[in-house]
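Me: I have not seen this structure before. Could you take me through it?

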Amino acid sequence: MFKTFKTILFRDLTLAMRRKTDILSAVFFFIIVISLFPLGVGLDKTVLIKIAPGIAWVAALLASMLALERLFAGDYEDGTLEQMLITPQPMTVIVLAKVVAHWLLTGLPLVLIVPLVGLQYHLSGEAILVMMMALLLGTPILSLLGAIGAALTLGVRGGGILISLLILPLYIPVLVYGSGAVSASLIAGESQAYLLLLGAFLILTLLFSPIATALALKISSE
Amino acid sequence: MKINWFKYAAPSTFYPLAGKIIPFFAWSALLLIVGGLYWGFFQTPELLSDQKQYYRILYVHVGSAWMSMWLYIVLVAWALIGLVFNTRLSYMMAMATAPTGAIFTFLTLWTGAFWGKTSWGTYWDWDPRMTTELILLFLYVGYMALQSAIDDTRRSDKASALLALVGLVLIPVIFWSVNCPDPNQCAALHQQSSMSNIEPNIRIAWLVTAVGFWMFSFMVILMRVRNIILDRDQHTSWVQGLDEVRK
Amino acid sequence: MILQANNISCRRGERLLFSNLNFHIQSGELMLIEGRNGCGKTTLLRTLAMLRQPDEGQITWNDEPIDKLAEEYRQHLVWMGHHNALKGDLTAIENLRVATCLNNINCSEDELWTALETIGLYGYEDLPTRVLSQGQKRRAALAFLLLSQSKLWVLDEPFSALDVKAVDFLQSIIRKHIEKDGMVILTTHQEVALMSDKIKRVQLDAL
């Protein structure tokens, strides 16, 4: 089982490395959205500090949604997904490997860019740290939940928008607690409870999302 | 019991059965809704001042809120039966339930907005129940969107069934997160519903209209599923032989 | 080893493709599924490959229903559909490596290279498969057959896009597999010279 996980993980990472545009676009989208808001909202420092958590999270949500379309679509189109369903390996392991690869390429970079957000929105060092922690816990949840949407909409017209319509409502808890964590650290410094809740939600989705995604892939491949 | 169940699991036998029982639901719905509203308007004491007459909108609001949530559970139940037993009719029932559920959700939000304006001074307030109701609307719409986006009926049935199931599992989490955005201090903002504190006549009116809505749902859903059956089975001989079709 | 289909029927959308289909295939046999376009050949093969469930009826492998056997059945199965199941950005050797690993086939690097050489891709093993011709891509996909140890092959139009030499080669691989007590179920539009006496035919049109 671990061998399967490793094989799929390296396969997906290799494929992504040979086509760098896919990964980089998600990251740059995040940067652009983050940079646009101060221009639209006004450059008042106190306002920017207050809205930073919400904006960073919405931008992360949208960047994640953008990248999700390609999670299974490539394999679906060239027939490799079918082959994965036929192998004697448990589909949940394969799904988990793909989601981890996806997160390493589109979620983790967002975590690493947070200092840039901090710079543009005048956040303190501590807030930046909390934001990184929150995104570190939250972006995997986005990938895991998004995978379900991506699997359900394989090969369907209007795929990207449809995924957003289906999955964005489910992202709300991540948004509430993720941005709440950073807001709390800005005000009183009590962000631990939020991070714990995010962690709990991550564990919940880790357990249940690969199963739902594998089932959705089976349904989509009929 | 078992034999009876599976006999009506085929669209061809369910169709006439549904046709026979629809009038019963139609009449019950009419009687209950009219009765409930009459009770609510004329039998409740005139204790409250003119301003507070607006509370009467709750007769519609509460009933439709309950139906919006109940119908989602019904939808998921049908979806689950479909996924486990692979029966086409269950998926058709789920598909028929969704629009009615969505309409009740919309009605709840709309009447809720008017209620909010008159009692709290604002049309919208992001409080937990309102927000969750909005999310519920998104879940219904998502279900219907996925259904219509996929051409192959088998795949669209199963995919939307799975989506509805995922939604149900996540609703408690979503509600909790909106209810308790600050985990350090959880406070519910919508009034705690305490049914016992409410004047009995008003309570009766609420319950009667709610049940009336329920009967109405049965009627509308059964009518809709008959249409779905006709649409999907249009090539079969039993449908071709029906009076309605031959005309 | 015996694969048996009991009273299966399949629909596509709301259209019934075929119903009450019964057949079985044993070790050392080859079965050809025939019928005009759109009559459900691919759907039947996909059902046998467990990519979809039959709408009615049951398929058994050695008398056990295949959905209960699940992973065990899939271990015995090789499926080749219309797609080549190759990642365009990976080389032929990388694709083969992933495929063998996922299917629990333990083979050395040498064996992978030899397989590609045998199938006629000598010199092309290191190129990303998207630059190969249609025929070469098909060969790269078929290389897997040389390394697989599974008994049951379910092939959907395996000869398409192959040139005459490759068609001959594939025929010989299939023949060898049957001789070693394997089972092959396939569809094809071409007139291919398979062993004419041992072929079972299933006509989907007639149902």
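Reply: pLDDT is the predictor's confidence in each residue, from 0 to 100. This is a predicted model, in which local features need pLDDT of at least 70 and side-chain atom pairs count only at pLDDT 80 or more, while totals for chains, interfaces and linings use all residues. Residues are numbered from 1 along each chain as its sequence is written, and chains are lettered from A, with ligands numbered from 1, in the order in which they are written.

Me: Where in chain B is confidence lowest, and where is it highest?

Reply: Helix α1 (residues 2-7) of chain B is lowest, at a mean of 58, and helix α3 (residues 58-85) of chain B is highest, at 90. Helices (H or I, at least four residues) and strands (E, at least two) are DSSP runs, numbered from the N terminus. Chain B averages a pLDDT of 80, and 84% of its residues score at least 70. Where pLDDT is low, the predicted coordinates should not be read in detail.

Me: How many residues of chain B are in contact with chain A?

Reply: 24 residues of chain B are in contact with 26 residues of chain A, contact meaning C-beta atoms, placed from the backbone, within 7 Å. On chain B, α5 (128-149) and α6 (153-179) each supply at least two residues of that side. The largest share, twelve residues, comes from α6(B).

Me: Changing topic, how many helices and strands does chain C have?

Reply: Chain C has seven helices and nine strands. Its C-alpha atoms fill a box of roughly 50 × 35 × 35 Å, taken along the principal axes.

Technical notes
Contact = placed C-beta atoms within 7 Å.
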